[in-house]
Amino acid sequence: MVSSPRIVLDVGQCGADHSSIRRLCEGFGARVERANTGAEALSRITAGDISLVLVNRILDADGSDGVALISELLAHAPQPLSVMLISNYPQFQQEAVRRGAVSGFGKSELYSAETRQLLERFLS
């Protein structure tokens with residue numbers, strides 16, 4: 001029996017960053033879906049089949065706060081949900097973890113060995 005791929009929901013990235021994140025996650029065999037806004041992300045998580053949500057610190061489509069969105073996603077998830085913040089700024093990473101996210105990574109670390117190891121825990 002073939003298992004279905006893990007699903008990553010990428011929230012609030014610009015097109016170029018989404019493409020980079022998609023390539024990285026697809027390297028683990030994951031399928032990557034995109035949500036441009038918090039409302040789209042909230043709607044999508046209700047299916048309960050998401051393995052990991054990656055949230056941009058500032059959503060590209062509307063400039064909304066990704067850290068605040070993490071709290072909202074976790075509060076409305078129908079089952080336990082793994083969420084990471086994508087930000088180069090440690091203070092925002094710490095705030096995201098305080099709100100229930102798992103430790104994330106910054107775009108400057110996208111291709112580092114540490115980021116690959118971090119994602120492997122959720123996508124392998």
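Predicted model: local features only at pLDDT ≥ 70, side-chain atom pairs only at ≥ 80, totals over all residues.
**Cysteines**

I looked for disulfides and found 0 in the structure. I then checked how far apart the sulfurs are. The cysteine sulfur closest to that of Cys14 belongs to Cys25, and at 15 Å it is too far for a bond. A disulfide would need the two sulfur atoms within 2.5 Å. I also looked up the exposure of both residues. Cys14 is partly exposed, at 25% relative accessibility, whereas Cys25 is buried, at 1%.

**Helix α2**

Which residues of helix α2 are buried? In this helix, residues 38-45, I listed Gly38, Ala41, Leu42, Arg44 and Ile45. Viewed down the axis of α2, these buried residues fall within an arc of 165°, so they line one face of the helix. The general rule I had in mind is that an α-helix has 3.6 residues a turn, so residues three or four places apart point the same way. On the face of α2 turned away from the buried side I noted the exposed residues Ala39 and Ser43. Next I asked what covers the buried residues of α2. The cover includes the strands β1 (7-11), β2 (31-35) and β3 (52-56), together with helix α3 (66-76).

**Nonpolar cores**

I went through the largest nonpolar core, which has 21 residues. The members that touch the most other members are Leu9, Val11, Ile45, Val53, Val55, Leu73 and Leu81. Two or more residues each come from β1, α2, β3, α3 and β4 (83-86). Helix α3 gives the largest share, 4 residues.

I had already noted Cys25 as buried.

**Gln13**

Is Gln13 buried or exposed? Gln13 is buried, with a relative accessible area of 2%. I placed Gln13 in the loop between β1 and α1 (15-26). The side chain of Gln13 makes a polar contact with the side chain of Lys107, at 3.3 Å. Setting aside neighbours within four places in sequence, I found Gln13 in contact with His18, Ile21, Arg34, Asn36, Val55, Asn56, Asp60, Ile86 and Lys107.

Definitions and conventions:
Residues numbered from 1 in each chain as written. Heavy atoms only, no water. Buried < 20%, exposed > 50% of the residue type's maximum accessible area, 1.4 Å probe, protein only. Arc of directions from axis to C-beta. Contact = heavy atoms within 4.5 Å. Core = buried A, V, L, I, M, F, W, Y, C linked by side-chain atoms within 4.5 Å. Polar contact = N/O pair within 3.5 Å; in protein donor to acceptor, adjacent residues only side chain to side chain.
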